[in-house]
Amino acid sequence: MGSFLETLLGGLMTGMLYSLVALGFVLIYKASGVFNFAQGAMVLSAALAMARFSEWIPEWLGFDNKVLANVLAFCLAMVMMVMAAWLIERLVLSKLVNQEGITLLMATLGIAYFMDGSGQTLFGSDIYKIDVGLPKDPIFLFENVFQGGILVNKEDLYAAAIAAALVALLSLFFQKTATGRALRAVADDHQAAQSIGIPLNRIWVIVWSVAGFVALVAGVIWGSKLGVQFSLSLVALKALPVVILGGLTSVPGAIIGGLIIGVGEKLSEVYIGSQIGGGIEIWFGYVLVLFVLLVRPQGLFGEKIIDRV
Amino acid sequence: MLYRENGQFKTTYRSDQQVFPIAQDRIAIWLLVAFAAIGVPLLADEYLFRAIFIPFLILSLAALGLNILVGYCGQISLGTGAFMAVGAYAAYNFMVRIDGMPLLAALLLGGVCATVVGVLFGIPSLRIKGLYLAVATLAAQFFVDWAFLRIKWFTNYSASGSVSVANLSIFGIPINTPHAKYLFCLAFLVVFAMAAKNLVRSHIGREWMAIRDMDVAAAVIGIRPVYAKLSAFAVSSFIVGVAGALWGFVHLGSWEPAAFSIDRSFQLLFMIIIGGLGSIMGSFFGAAFIVVLPIFLNQVLPALGHLVGVTIDTAMIAHAELMIFGALIVFFLIVEPHGLARLWSIGKEKMRLWPFPH
């Protein structure tokens, strides 16, 4: 029982981290109908920028304060992501307005490759560390209930809390602010939104910047957990089934999808994986999604897809 | 001036419907095949065969297969690497487990196994499409990668996890020199390209294109989506599977699942985007481009860096390669969504009309 709960909890934490990346996908899809394959590359670039700036800034400015360095690095990395968002809108998306979803998907694949390459050219391709002071020591819960208690990684706990806070923040932003309403309007219908005076270009820059912000947060958390290196961009591949499971258009779907896949992955690895060779984490999410899609083609919480001739 | 069709009258339906209706095209293609079969082996050295020609032939075969699925039937697939892997490992198992298995039969049976897996993972395409389908095909990629890594039966319980084949021969002729390998692959490519070209202009090819252009409308006019989509998956993964078997047997010799990773899937997708979606010719252009570009960059970038006084190391070249790939993809999607094949046909059109602009 104890080990079951421990696996369950670990799965929930990992799931929360997946949702964090998945959120970036959903945001962009909701507001522009683009399935952004470059989200993983954005996470990598943002994390690389954060890691390197927090190294470089104290050198450039000649002070030795880790908190200040981290804050400055975060801001600088954010500026970089906004610039990237602006460039993507200017150079790619504005030229591909009204194209089919598949074309846009492939364009973001191109962007992903470009960002992978440019991020590593600018910031180097070794393994870097991000140290934002997340505590690393594990804690034990319910020690009086179970034998030995449940081992929980404190770092995961913080990460999950940050992810939850971010989700709440974004939901507020989408529901309550004028910009958020404009974003939802654009998502519903580009032309109608434009006709009532919502500037499409600016909206897209905002969405990509917000996605960049989410990528940065995800990059910092994943980076401080795993170290910043190329494989970080593969996190996006883990988040893909999460988005599809939850439905591409649903923010809560991304969260719940993340939790389901996180838990499913960990439990299946422990209880099924040990019998058939292990390492089934890699495909578990995808195969789960495959079966869910057969029943619900739009994902668990997605809007129903209606075909018109 | 030479490329005119004046005076070439078509007096039968047969001559009106041939693959290359213009005599100059026919002559050119025969010359090209003859040059590829006779001229190249005389002129090229071993390095060129190993680094360029053999990979080019096999990858164009795989791109051809993928193009049938994505370009003609509109079902986007990110699992091509997986189908290649199935072809390679199935062919390997037929070779080692059955005594006296002929090479040709093993390769084709590998293709058949890939077909079965392809149809299996193609079934979701009946319910889902577009982005959702792309992710569903990724399931094939990750599952197959895992299966060949972890299930030892597939690799014949080899200790290192990598498998190898040796002493290939067909009809008693050994395939061990680069020349022989090249000609072997060329024969496969010519046969499959002809078959594919004829398939896509037959009624089944037209069904695929109808499904691609609008599947609901296609279903309304009486095209069975189940049949059309699954047949596209079957044909595509058969060709891709054979290409995978060739890649393992002829090009690599010994391989691990990493040879057919998700990067391979993306690479093939890029080939058909750059070459031209929905074009047999485009698959060749795309494959040539993607095979030659890294080699070209490897030669040119250090020289360029030398000119401006910067030493460019290999890591930098690898990153520059990523950036140039990415930029090219975006560039092609914006400027010429129909790829290099479209440029080729524009060029031919201009030649036919020359010196007049219209």
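This is a predicted model: local features need pLDDT of at least 70, side-chain atom pairs count only at pLDDT 80 or more; totals for chains, interfaces and linings use all residues.
## Where the two chains meet

On one side are 41 residues of chain A, and they are in contact with 37 residues of chain B. Three helices of chain A each supply at least two residues of the side that touches chain B: α4 (101-123), α9 (235-246) and α11 (281-295). The largest share of that side comes from α4(A), with 17 residues.

What classes of residue make up the side of chain A that touches chain B? There are 27 nonpolar, 11 polar and 3 charged residues.

## The largest nonpolar core

The largest nonpolar core has 207 residues. Those with the most contacts inside this core are V43(A), A47(A), L61(B) and L246(B). Helix α8 of chain A, residues 200-226, gives the core its largest share, 16 residues.

Setting aside residues up to four places away in sequence, L61(B) touches F188(B), L189(B), F192(B), I239(B), V242(B), A243(B) and L246(B).

## Helix pairs in chain B

Now for some helix packing. In chain B, helix α2 (residues 23-43) and helix α7 (residues 178-200) have axes that come within 10 Å and cross at roughly 175°. Because of that angle, α2(B) is roughly antiparallel to α7(B). From α2(B), the residues V33(B), A36(B), A37(B) and P41(B) meet H179(B), Y182(B), L183(B), L186(B) and V190(B) in α7(B). By class, this contact of α2(B) with α7(B) has 8 nonpolar, 1 polar and no charged residues.

A second pair in chain B is helix α4 (residues 80-97) with helix α10 (residues 225-252), whose axes come within 7 Å and cross at roughly 60°. These two helices, α4(B) and α10(B), are therefore oblique to each other, and their crossing is right-handed. On the α4(B) side, the residues making the contact include F83(B), M84(B), G87(B), A88(B) and Y92(B). On the α10(B) side, they include V240(B), G241(B), G244(B), W247(B) and G248(B). The contact of α4(B) with α10(B) has 13 nonpolar, 6 polar and no charged residues.

## A helix pair in chain A

How do α10 and α11 of chain A pack? Helix α10(A), residues 251-273, packs with α11(A) at an angle of about 130°, and their axes are 9 Å apart. That angle makes α10(A) oblique to α11(A). The crossing in which α10(A) passes α11(A) is right-handed.

The residues I261(A), G264(A), E265(A), S268(A) and E269(A) in α10(A) meet E281(A), F284(A), G285(A) and L288(A) in α11(A). Sorted by class, the residues of this contact divide into 3 nonpolar, 3 polar and 3 charged.

Is L268(B) buried or exposed? L268(B), in helix α11 (residues 262-275) of chain B, is buried because 30 other C-beta atoms lie within 10 Å, and the cut-off for buried is 20 or more. Not counting residues up to four places away in sequence, L268(B) touches A62(B), A63(B), L66(B) and T80(B). One of these, A63(B), is 205 residues apart from L268(B) along the chain, while the C-alpha atoms of the two are separated by 5.7 Å.

Y47(B) lies in helix α3 (residues 46-72) of chain B. With 9 C-beta neighbours inside 10 Å, Y47(B) counts as exposed, since the cut-off for exposed is 12 or fewer. Y47(B) and P178(B) are 131 residues apart in sequence, and 9.0 Å apart in space from C-alpha to C-alpha.

The last stop is I295(B), found in helix α12 (residues 280-307) of chain B. I295(B) is exposed, with 12 other C-beta atoms within 10 Å. Leaving aside neighbours within four places in sequence, I295(B) is in contact with A51(B) and I52(B). I295(B) and M351(B) are 56 residues apart in sequence and 32 Å apart in space, C-alpha to C-alpha.

Key. Residues are numbered from 1 along each chain as its sequence is written. Chains are lettered from A and ligands numbered from 1 in the order in which they are written. Two residues are in contact if their C-beta atoms, placed from the backbone, lie within 7 Å. Helices (H or I, at least four residues) and strands (E, at least two) are DSSP runs, numbered from the N terminus. Ala, Val, Leu, Ile, Met, Phe, Trp, Tyr, Cys and Pro count as nonpolar, Asp, Glu, Lys and Arg as charged, and the others, Gly among them, as polar. Axes are lines fitted to C-alpha atoms, for helices over the stretch in contact, and angles run from 0 to 180 degrees between N-to-C directions. Angles under 35 degrees count as roughly parallel, over 145 as roughly antiparallel, 65 to 115 as roughly perpendicular and the rest as oblique. A crossing is left-handed if the near helix is turned anticlockwise from the far one by less than a right angle, and right-handed if clockwise. A nonpolar core is a set of buried Ala, Val, Leu, Ile, Met, Phe, Trp, Tyr and Cys residues joined through C-beta atoms within 7 Å.
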